[in-house]
Amino acid sequence: MRRFIGVVLGLLLAVTGAVMSAAPAVAENAPNGYPYCSSSSSDPDGDGWGWENSASCVVRGGAADTGSGSGGNAPNGYPYCANGSSSDPDGDGWGWENSRSCVVRGGAADGGSGGGGGSTACPSGMSCGSYSVSGLGYRKQQVRNAGGNSLDLAVAMLETDNMSTNYAYGDNKTYDAANFGIFKQNWLMLRSKCSRFSGQSVSQWNNGAALNSNLSADISCLHQSQSGYGLNTWFAGHRNGETGLNNPNTSDINGYKTAIYWIQSQINSNSSNLSNDTRFWVDVRPI
């Protein structure tokens, strides 16, 4: 009898183990495509980005963990305002806390993901919208196939309507201020953080033009720069060069970050936006 009971218990344990092993694994990637960090200690500067296993990672629930639509985030990817409507003096549904935009829970900007274009509410004080650009969907897929993510799409989408390099050489700038590639990366940051240009001087700025025809290298340099500087500092330098790196928390830089994150949230609001011809835009003053 005891032998029979032992056999039955063994079978039950085997079945239970099979059921447990069939349980789906917890997603390890943040909405922007990067893996979640195993520990917040991987993010010493507190910008939401860490470094583990020789690659960038996102701190779960941190500043870089946008677009999840759960927990402390609104469906458009922005965090809910901790102070509610008191952070939104003009009543448009958008507030400002911790040096970035936030959404008032239940306010005008707290919409569902919906379909197509996603939320149409703009960050406070900004103009934004969307329109169709012929062939943009194919370009989005090229960027993604070369290793790009939704944040990369947002950066490129803000710079040009077709995410291309068909703009004035160097973006009409020279030396460390010259811009190259679909993201318009400046030469100072390229030579400082991208291994492809490591050790090169200011006077060799024309070498950056190689990114205009090499999408994979362009994206690789972008990710190296973001990892090397940390995302918050990278935004500052990308927006305003050496001046931004030295003073990363100006209202202009914060506005630029808000614009990029808004575009990313629209892309993330519907998977079709990763491959359709829709371009999302925010009116950001060029510098």
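**Confidence**

I started with the confidence scores of this predicted model: the protein averages a pLDDT of 82, and 78% of the residues score at least 70. Where pLDDT is low, the predicted coordinates should not be read in detail.

**Helix H6 against H7**

On to the helices. How do H6 and H7 pack? H6 covers residues 231–246 and H7 covers residues 251–268; their axes lie 10 Å apart at an angle of about 130°. The crossing of H6 past H7 is right-handed.

I listed who touches whom. From H6 come Leu231, Asn232, Phe235, Ala236, His238, Arg239 and Gly244; H7 answers with Asp252, Ile253, Tyr256, Lys257, Ile260 and Tyr261. Sorted by class, this contact has seven nonpolar, three polar and three charged residues.

**Helix H3 against H6**

Then I checked H3, residues 150–159. Its axis and that of H6 come within 14 Å and cross at roughly 15°. An angle under 35 degrees counts as roughly parallel, so that is what I wrote down for H3 and H6. H3 also passes H6 in a right-handed crossing.

On the H3 side I noted Leu151, Val155 and Glu159; on the H6 side, Leu231, Trp234, Phe235 and His238. The tally for H3 with H6 is five nonpolar, one polar and one charged.

**Helix H5 against H6**

Which way does H5 run relative to H6: roughly parallel or roughly perpendicular? H5 takes in residues 215–229, and I get axes within 7 Å of each other, crossing at roughly 95°. That angle sits between 65 and 115 degrees, so H5 is roughly perpendicular to H6.

Leu222, Ser225, Gln226 and Tyr229 of H5 meet Leu231, Thr233, Trp234 and Leu245 of H6. I count this contact by class as five nonpolar, three polar and no charged residues.

Looking back over my lists, Leu231 of H6 turns up in the contact with H7, in the one with H3 and in the one with H5.

**Disulfides**

How many disulfides does the structure hold? I find two. I followed up the pair of cysteine 122 and cysteine 128, whose sulfur atoms are 1.7 Å apart. The torsion about their S-S bond is about -105°, so I logged this disulfide as left-handed.

Notes
Residues numbered from 1 in each chain as written. Predicted model: local features only at pLDDT ≥ 70, side-chain atom pairs only at ≥ 80, totals over all residues. Heavy atoms only, no water. pLDDT = per-residue confidence, 0-100. Axes fitted to C-alpha atoms, helices over the stretch in contact; angles between N-to-C directions. Helix = DSSP H or I, 4+ residues; strand = E, 2+ residues; numbered from the N terminus. Left-handed = near helix turned anticlockwise from the far one by under 90°. Contact = heavy atoms within 4.5 Å. Nonpolar A, V, L, I, M, F, W, Y, C, P; charged D, E, K, R; others polar. Disulfide = S-S within 2.5 Å. Parallel < 35°, antiparallel > 145°, perpendicular 65-115°, else oblique.
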